[in-house]
Amino acid sequence: MLNIHPISKASFILAAFALVTTGLVALTHLLTEDTIAQAQENAIQQTINQLVPADMYNNAIAQDCIVKQDVNGENIRVFRARFDEHPVAVVLESIAPNGYNGRIDLLVAIDTEQRILGVRTVKHTETPGLGDKIEIKKSNWITYFAGLSVTDDNQKNWAVRNDGGMFDAFTGATITPRAVVGAVKNTLVWAQEQDLFAQGQTCGEKQ
Amino acid sequence: MNQYQEISWQGLWKNNPALVQMLGLCPLLAVTNTAVNALGLGLATLFVLIGSNITVSIVRNWIPNEIRIPVFVMVIASLVTIVQLLMNAYTYELYQTLGIFIPLIVTNCAIIGRAEAFASKNSVQFAAYDGLMMGSGFLVVLLALGAIREVLGNGTLLQGAEQIFGEAASNWHLVLFSPEQNFLLAILPPGAFIIMGLLIALKNKYDKRIEKLVIGEKTKQTIERARVTTESA
Amino acid sequence: MSFRVASSPHNHVKNKTSRVMMLVALACVPGILTQVWYFGYGSLIQILLAVTTAIAAEALCLQQRNYPVVKRLKDNSALLTGLLLGISLPPLAPWWIAVIGSLFAIVIAKQVYGGLGQNIFNPAMAGYVVLLVSFPLSMTLWLPPLTLVEYDISFVDTLMLIFTGYSETGYSLAQLRVDLDGFTMATPLDTIKTGLSNQQTFSELSQIKVFSEQLGIGWTAVNVAYLCGGLILIFLKVINWRIPVAFLTSLFIFSWVCHVASPDGAATASLHLLSGATMFGAFFILTDPVSASTTPRGKIIFAVLVGLLVFFIRQYGGYPDAIAFAVLLANMCVPLIDYYTKPRVYGHTTR
C-alpha cells in the first residue's frame, strides 16, 4: 500500500471527479450538438414559412443569412430567399426598443418590390391581455401589415389611429402597437437603402 | 412502516420540499404560470435529483469528508448541464420558455440538501427511492400550482402539451372557459406567492387528519394480522 | 353592600367601531351623489354589488373561524370596505369586477391576516390593486362626464351594461366612451399621462374637452364633495386632521415644484389636488385606523410618504392614478414608522 498524504489523495479524487463529470458533459454535448442546431434551424424555418410562401423560393433560406447593423446599431440577422439564384424576398429581424415593457423582437418579410409579405412577433414582454395582441396566437392584428409598403406619399399613414395613422390601436394599450408600427416602418425604410443580396453568408461568424 | 413507506411519506407529505422545506421557491414561483411549464421543470428537477442521489450514494464511501461538498456540486452541476443539453435538443420550444430556470436547477437547495442529508448516508436503492419521492413531492406541488394558475388565468389546462409529449399531444389541452379578460394576477408572480401561501395553508389544515389516516391505517393492519394468527393457531 | 371597582380608563369614549364606520360611510354620501350626477347610476350599482359581496364574504369567513357572525358583522367594517371599493370602481365595469375585488379584499387582505385590526394593508385598496393589475382593460375604462357623452344612458342601460356588456339600445361601453366629435375619452389624469408620453405638452393637452379651465369636468366637483364629507369627519373627530393635511400639503408641494420647473412636462398642482381620487383618498382611504400609522408624528410621516409616492407614480409610473399603490406601499412602512415615532410616556425622560 502506497503511503499518500491525505491532502494529495483528496486532490486526486477531486481531479478525477472533475475529469469524469466534464467528460460526461462533453460527451452529451457531442451527441446533442447536431440535434440542437437542427432544432434551432427548424424554429427559424417555421417562422419563415409563415411569412414567405414555400413556392416562392427554393434555396435553404435559414442558412442564407447575413448579419447587419440596423438603424439603432443592433446586430440583426437577414435571411434571403432566392428562386434559382434570383432574389425574391428577405426576412429581417427587427427590434422595437420602445415597447411598454421593453424591447419587442419582430420578424419582417419583404419582397423585392419593397412590399411586406408578413410580420410576426418573435419575443416580447408586453402586458398579457393588453399589449400581447401583437402575437398571432392572440389576435390577427399583426397580419394587417401584409401587402403594405412605405412610399413618400403614405409616410404619414404609418402610425396608429390615435396619432392620425392607419393602424388600429388596442383598447387600453396604444404604446405597444405604436412601437411595432414604428419598428416595421423603420425596417422597411432601412431595407430599401441596403443591398441585402450582395454579401456572402456571414451568420456563422456572429457567434 | 418500513423504510420505503417512510421515505415516500417524508418526500410526498411530511417533509415535502416545496410545501414544508420551502426549497427551490425561485423556479417554483417563476415558471408555474402553466401546467406544462411546471411539468417540464418538475420532471427536469426529478431527473437531476434521482441522478445526483444515486451518484452520491455510490461514491459516498470513497470521498474524504473534506471534499464532499465540491464533489456534490460537481455531480449536480454536470447532471443539470446534461439535462439542459438534452432538453435543448429534444424539447426545444419548452427549453425556450423555461429559459434560465433550467440551469438554475443547480441552485435548488433541495438537491444538494438531499445529497448531504440522505444520499451520503444511505445505500443506493434507498437513495434512488428518496430522490424519486422528494422529486415527486416537488413535482406534484409544481404541477398543482401550475394547473391552478393556468385555470384561473387562462381558463385552460395543459395548453402547449405538445412541447413535452410531441405532436400527438397538440389537442390534449382542455378549454374550461374562455374569459373575455384573463385574471392576470394568477399568471403574474404575485399570484404565485398568494396561491402558494394558500396551498401551504391547505396542507397545514389537513395535516393532522391525513397523518392519522396514513399512520393510523398502518397500525390497524398489523393488529388485524395478529388476530388472524391467534385464531388459526 | 359592595362597590364595583372598575379599572381604568374611567373616561369612556363613545366612538365605538360600528359608529365610526357608519359615520365614515355617511360622510361619503355627498361624494357619491356628485359622482352619480356626473358619471351616471353605475357607481350606485357598483357600490351595492361590492357591499353585498363584502358582507357575504365577511359572514362566511367569520363563520369558518367560529366567531359570532351577526355580532361581528355589526361593526360595519365589511360594509365600509365594500363601500370604499365600490366608489373607486369605474361606474360601468362588468359586475364580476366588483365581486372579485370585494372577495379578495375581505378574504385575502383582511381575514387571512387575522380579521379587523390585524390587516397590514388597507383591504379596499388591496382589492382595487388586484383588479387593476388583473383586469387593466375594464379598470381603466371610465366613462366621460355625462355632459360630454353622445348618447343618453338610462338606469336600465347602466344595469344592462354592467351585467351584459351592452346597453338596452345595443351600444357597447367602447362606443359610449366616444364623445360628440368621435374622440375616445379617458380620465383627465389618463389623458395627460398618455399625451405626455407622446411628446405633447401640458398646455396642448389641457385644450382637450375633458378639461375646463385646466381642471377636469366633473372630477373637480366630485373631489370637492369628498373634501366636504372629509371636513365633517374631522369636525366630528372621527378622523385625525394630521393625515389629510400632511398628504394634501406634500402632494401640493411636489406637484407645484415640478410644474414650475417644467410647465410643459407636468400637470398643475390644482389638477393633482382636484382630480382622480385625491380627496377621496386623503379623507377616506389614508385615514383607515388599522392600516395607517397610529402615532401623531407617524401619521404625518405616513401621509407625506403617500403624497410623494402618489406624485411620483402619477408623473412617472405606468398607471394613471396612484392612490391605491401609494397607500399599499406606505402601509408596508407603517410598523417601522410607528416603531421610531413612539410618543414619550408621561413621566419618563426622553430616550
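Visitor: Which residues is B:Ser57 in contact with, leaving aside its neighbours within four places in sequence?

Guide: Contact is a matter of distance between heavy atoms, with a cut-off of 4.5 Å. In this predicted model, B:Ser57 is in contact with B:Ala119, B:Asn122, B:Ser123, B:Val124 and B:Ala127, once neighbours within four places in sequence are set aside.

Visitor: Where in chain B is B:Ser57 placed?

Guide: B:Ser57 belongs to helix 3 of chain B, which covers residues 35–59.

Visitor: Is B:Ser57 buried or exposed?

Guide: A residue under 20% relative accessible area is called buried. The relative accessible area of B:Ser57 is 0%, so this residue is buried.

Visitor: What lies 2.7 Å from a polar atom of the side chain of B:Ser57?

Guide: The backbone oxygen of B:Asn122 is found at that distance, 2.7 Å. B:Asn122 is also one of the residues in contact with B:Ser57.

Visitor: Now to chain A. What is the phi of A:Glu85?

Guide: Its phi is near 70°, a positive value, and the residue is not a glycine. A:Glu85 sits in the loop that runs between strand 2 (75–83) and strand 3 (86–99) of chain A.

Visitor: Is A:Glu85 buried or exposed?

Guide: The word exposed is used over 50%. With a relative accessible area of 65%, A:Glu85 is exposed.

Visitor: What is the phi of A:Gln114, and where does that residue lie?

Guide: A:Gln114, not a glycine either, has a positive phi of about 65°. The loop that holds A:Gln114 is between strand 4 (102–111) and strand 5 (116–123) of chain A. Its relative accessible area is 24%, so A:Gln114 is partly exposed.

Methods: Residues are numbered from 1 along each chain as its sequence is written. Chains are lettered from A and ligands numbered from 1 in the order in which they are written. This is a predicted model: local features need pLDDT of at least 70, side-chain atom pairs count only at pLDDT 80 or more; totals for chains, interfaces and linings use all residues. Side-chain values use heavy atoms; hydrogens and water are left out. Helices (H or I, at least four residues) and strands (E, at least two) are DSSP runs, numbered from the N terminus. Buried means under 20% relative accessible area, exposed over 50%, partly exposed in between (1.4 Å probe, protein chains only). A polar contact is a pair of N or O atoms within 3.5 Å; within protein, one must be able to donate a hydrogen and the other to accept it, and residues adjacent in sequence count only if both atoms are side-chain atoms.
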